[in-house]
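Look at the chains first, then read on.

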Amino acid sequence: MKIEDVLCSRQRFARTSQEAGALTNHQAIAREQGAVRDPDDPIRLCDGRGLKRLIKSGLAWLERHQAAINSLNVYPVPDGDTGTNMLLTMQSAYHEIQDSPEDAVGTIAQKVAHGALMGARGNSGVILSQIFRGFARSLEGVAAFNSVQFAAALREAATMAYKGVIKPVEGTILTVAREASEVAVTAAASSEDLVYVLARVVAEARDSVTRTPSLLPVLAEAGVVDAGGQGLFVILEGMLRSSRGERLSMDTDLTAAMHLDALHPEGEEGYGYDIQFVVHGEGLNVEEIREAIASMGDSALVVGDSRAVKVHVHSPEPGTPINYGASVGSLSRVIVENMQEQYQDFILSKAQQPKLPSEPLSGVGTVIVAPGAGLTTVFESLGASIVVPGGQTMNPSTEELLEAVESVPTEDVIILPNNKNIIMAAEQAKALSGKSVQVVPTVSVPQGISALLALNYQADLVTNARVMAEAAKAIETAEITTAVRSVQVNGLSVQEGEVIGLVNGKLEVKGDTPTDVAVEALAVMHVEDLEIITIYHGESISADEAQRLAEEIANRYPDQEVEIVDGGQPHYHYILSAE
Amino acid sequence: MSMANVRVITDITAYLEPDVIAQHQITVLPVDIRFGDEKYHIGSQDSWDRFYQRIAKGPAQLTAATVPASVFQETYSRLNRETEEILVIPGSSKLSQAYAEAKIAARGFLGRCRIMVVDSMSASWGLGLVVQAAAEAATQGRPLDAIVRLVRGMLPHIYLVFFVERLDYLERGGRISPAQALLGTMLRIKPLLLVEDGEIVPLEKVRTRALAIEKVADFVAEFAAIQQVVILTSPLDNEINELVGELRDHLSAALPGLHLPTVEYDPILACHLGPEALGVVVYEGL
């Protein structure tokens with residue numbers, strides 16, 4: 001312990017979790033154990049305000065490491081980013097307690113759990129929300145927790161996280177949560193000091209993250225640690241740092257922290273934030289403020305006089321105009337609205353418009369996640385009740401899926417997530433809804449289309465869910481994209497920028513052009529035995545280019561029908577299906 | 001009091017053998033179908049063929065099939081000389097105007113002749129089945145009310161299920177939107193359709209012929225009891241007819257020993273399904 005204390009103080013400033021991304025760096029990091037604070041002044045209790053601070057600092061630290069965590073994806077595909085998903089989940093959690101006057105830690109924990117639950121995005125976000133749920137359950141009715149209660153709450157958190165997953169996999173965030181909580185129990189038995197317990201938890205979380213590649217071979221091959229586990233470690237580390245008195249400021253205003261690049265459907269510029277506030281001061285220069293605000297966004301409206309100026313602007317970055325406003329005077333009536341959400345509401349309301357009177361009225365509604373305008377139209381034309389925009393890089397939250405489920409006019413609803421990383425949020429939405437909901441766990445757009453086609457207007461919910469799942473399984477899918485980083489995976493050495501092909505979710509082929517890779521992917525799929533090949537071309541591919549690929553495929557497979565659909569999906573040059 | 005037997009009227013879309021028509025004195029009325037200015041008066045095999053050639057060209061300007069009220073009136077007057085009870089069983093009211101016209105025409109006979117018009121909610125072989133049963137009962141001298149009860153009892157046990165390869169006729173009939181038709185054609189979607197309460201409703205959609213045939217066979221295999229299954233195929237000479245053998249193989253595997261006749265579907269169904277549909281009629285029996 002003594003030696004570690006020395007190590008700890010000496011290396012205190014070198015330890016940044018940003019280095020923890022790659023395995024080699026990770027191994028070089030010294031163990032952190034024990035507290036450097038005055039041990040005569042331990043912190044024995046944490047109330048609601050204390051937990052609020054911890055959550056806030058965990059969020060701030062996570063935000064700082066978001067990009068590093070995102071880069072830990074095993075597959076070099078532009079996929080639902082773990083860092084972003086966990087951050088958005090944490091933001092939703094903090095948003096719930098931000099203005100809460102509650103003192104009791106149990107109540108604050110409950111609110112955090114609720115916020116995380118509703119805002120959960122991606123599988124890592126859902127598991128994080130389960131962790132908070134377990135934590136809150138253990139602290140029900142507690143005004144302020146001591147070290148033993150804290151450890152027990154962490155244990156319950158880990159247990160709940162495992163329960164939330166149908167087939168728990170070791171070497172993930174689950175392992176990190178469990179191992180960290182086990183150490184918490186040991187530490188709490190020997191010390192009443194919460195900071196000491198937290199320090200032990202953080203140290204174990206870090207070690208546990210380091211061990212994830214030895215538990216999950218796919219991580220070892222890709223040379224990364226588990227992204228979700230890393231995210232959890234970073235949150236805990238942020239909490240520890242703030243409890244030691246370190247100030248962790250968020251880079252931007254909380255509302256601004258919603259990262260637009262993650263929320264925006266690609267190619268849909270202009271859905272930023274709608275920002276309004278009033279600046280009060282002496283001798284305000286309206287003209288100057290107008291010029292400054294206009295440079296920060298669109299649709300700027302600045303009116304007022306030397307003592308009060310009303311500002312209204314649309315900007316992708318709400319922090320900038322607000323900070324500026326605060327620099328020239330004092331602010332009041334600050335309103336920040338996410339236009340992306342409004343846009344989605346608009347999409348939702350549009351989807352609810354009455355359909356053709358001849359439209360068959362099935363008793364089973366469908367909520368379908370789809371990226372890109374083309375695919376949205378495809379699903380709508382095939383009778384989707386509601387299409388929720390989302391997919392590879394934009395995982396809809398539990399709340400967004402829940403709202404979609406609730407707005408479907410039927411009592412029975414089937415959710416098609418069409419992406420592996422959205423299935424858990426869909427399951428959460430199912431659990432939260434008062435309706436009868438079934439999730440058909442489709443992992444790709446062609447699977448979703450196949451499943452939706454199998455919807456039988458005469459059959460009941462459960463029968464439909466079964467039949468649709470079978471239909472989804474009967475289809476072969478290839479996804480063609482560009483590698484976002486260099487990686488060694490599944491026996492393939494891929495360089496950043498190379499075109500890669502995933503066949504049924506597995507990285508199988510690579511090449512120089514989307515056309516080459518598409519043709520190679522079909523060879524892997526054994527399409528000779530199948531009847532129809534469908535090409536969904538993404539926004540990066542012109543209709544002519546898709547047509548040329550179709551001709552090439554038709555030449556190679558004269559017995560198969562080849563169809564082209566303008567999917568307009570971002571990131572993926574082609575999605576191919578064969579059935 | 002000796003009363004003449006009930007006389008039965010149907011339209012040309014009912015699948016009936018000529019000797020059954022003759023034996024039971026069934027009146028079979030021709031059906032009028034129009035494509036814009038082109039009129040098809042479908043009453044003989046010759047006019048069927050000409051009509052089917054037109055169907056192959058697409059549904060532009062196709063208007064609803066009908067048997068005009070005037071034709072029903074003339075028929076009622078003629079039959080009224082021999083009987084005071086007439087049962088009219090035209091094709092489904094959802095698929096043609098004949099049912100509505102038959103009812104309009106019956107109004108003028110109030111007090112002179114009892115005319116019951118029953119919505120068959122069926123077509124083709126299914127329609128023929130109930131018409132034949134009604135006519136046989138009439139020949140046996142059973143009263144009109146009893147025959148109507150018999151017919152109504154049979155109707156819920158007749159099922160028609162199809163898949164179609166061309167979506168333009170479903171679009172023309174307002175059963176799918178133009179956007180769905182466009183996309184569906186692009187994706188080669190073959191909707192599986194069921195005739196329910198006389199209306200054609202979508203059951204589900206498939207993309208391959210193999211799966212479509214399998215689904216039709218699955219539909220049939222789910223019945224606990226079956227008295228008869230008839231394969232309904234296109235009256236045109238096209239690729240669909242080449243799939244009949246495959247469908248029969250699937251059905252034979254599911255229902256060993258059952259005789260599986262093949263019948264061409266009628267002109268009114270052709271107006272709704274187009275020239276490329278394949279399916280079955282299932283009669284469970286009473």
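Two residues are in contact if their C-beta atoms, placed from the backbone, lie within 7 Å. With that in mind, note that this is a predicted model.

## Helix over sheet in chain B

Helix H5 of chain B spans residues 124-139.

The strands under discussion belong to an open sheet of six strands in chain B. Their order is S10-S9-S8-S13-S11-S12, and the pairing is mixed. Strands S10 (199-206) and S12 (262-264) of chain B stand at the edges; each has a single partner strand, so one side of each is left without a neighbour in the sheet. On average, neighbouring strands of this sheet are turned by 25 degrees against each other, direction ignored.

One pairing can be followed in detail. Strand S11 of chain B, residues 228-233, pairs with S12(B) in the parallel sense, over three bridges. Thr233(B) stands opposite Glu264(B), which sits in S12(B).

## Chain B as a whole

The secondary structure of chain B comes to twelve helices and 13 strands. Its radius of gyration is 19 Å, close to the 19 Å that the globule rule gives for 286 residues, so chain B is as compact as a globular protein of that length. The C-alpha trace of chain B spans about 65 × 50 × 30 Å along its principal axes.

## Two domains in chain B

Chain B is divided into domain 1, residues 7-155, and domain 2, residues 157-283. Their C-alpha centres lie 23 Å apart. The contact between them takes 30 residues from domain 1 of chain B and 27 residues from domain 2 of chain B.

Which elements of domain 1 of chain B each supply at least two residues of the side that touches domain 2 of chain B? They are strand S3 (31-35), helix H2 (45-55), strand S5 (62-66) and H5, each of chain B. The residues on this side of domain 1 of chain B divide into 19 nonpolar, nine polar and two charged.

## Domains and a helix pair in chain A

Chain A is divided into domain 1 (43-251), domain 2 (263-338), domain 3 (352-473) and domain 4 (476-578). The centres of domain 1 and domain 2 of chain A, taken over C-alpha atoms, are separated by 35 Å.

Two helices of chain A pack together: H4 (residues 82-97) and H6 (residues 122-138). Their angle is about 35 degrees, and their axes are 7 Å apart. H4(A) passes H6(A) in a right-handed crossing. H4(A) brings Thr82(A), Asn85(A), Met86(A), Leu88(A), Thr89(A) and Ala93(A) to the contact. H6(A) brings Gly122(A), Ser124(A), Gly125(A), Leu128(A), Ser129(A) and Phe132(A). The residues of this contact divide into five nonpolar, seven polar and no charged.

## Where the chains meet

How many residues of chain A are in contact with chain B? There are 18 residues of chain A, in contact with 20 residues of chain B. Helix H16 (373-381), strand S14 (532-537) and strand S15 (561-566) of chain A are the elements that give two or more residues to the side of chain A that touches chain B. S15(A) gives the most, with three residues. The residues on this side of chain A divide into nine nonpolar, five polar and four charged.

Notes
Residues are numbered from 1 along each chain as its sequence is written. Chains are lettered from A and ligands numbered from 1 in the order in which they are written. This is a predicted model: local features need pLDDT of at least 70, side-chain atom pairs count only at pLDDT 80 or more; totals for chains, interfaces and linings use all residues. Two strands pair if DSSP finds at least two bridges between them. Helices (H or I, at least four residues) and strands (E, at least two) are DSSP runs, numbered from the N terminus. Axes are lines fitted to C-alpha atoms, for helices over the stretch in contact, and angles run from 0 to 180 degrees between N-to-C directions. A crossing is left-handed if the near helix is turned anticlockwise from the far one by less than a right angle, and right-handed if clockwise. Ala, Val, Leu, Ile, Met, Phe, Trp, Tyr, Cys and Pro count as nonpolar, Asp, Glu, Lys and Arg as charged, and the others, Gly among them, as polar. Domain bounds come from an automatic or database domain assignment. The radius of gyration is taken over C-alpha atoms; the globule rule is 2.2 Å times the number of residues to the power 0.38.
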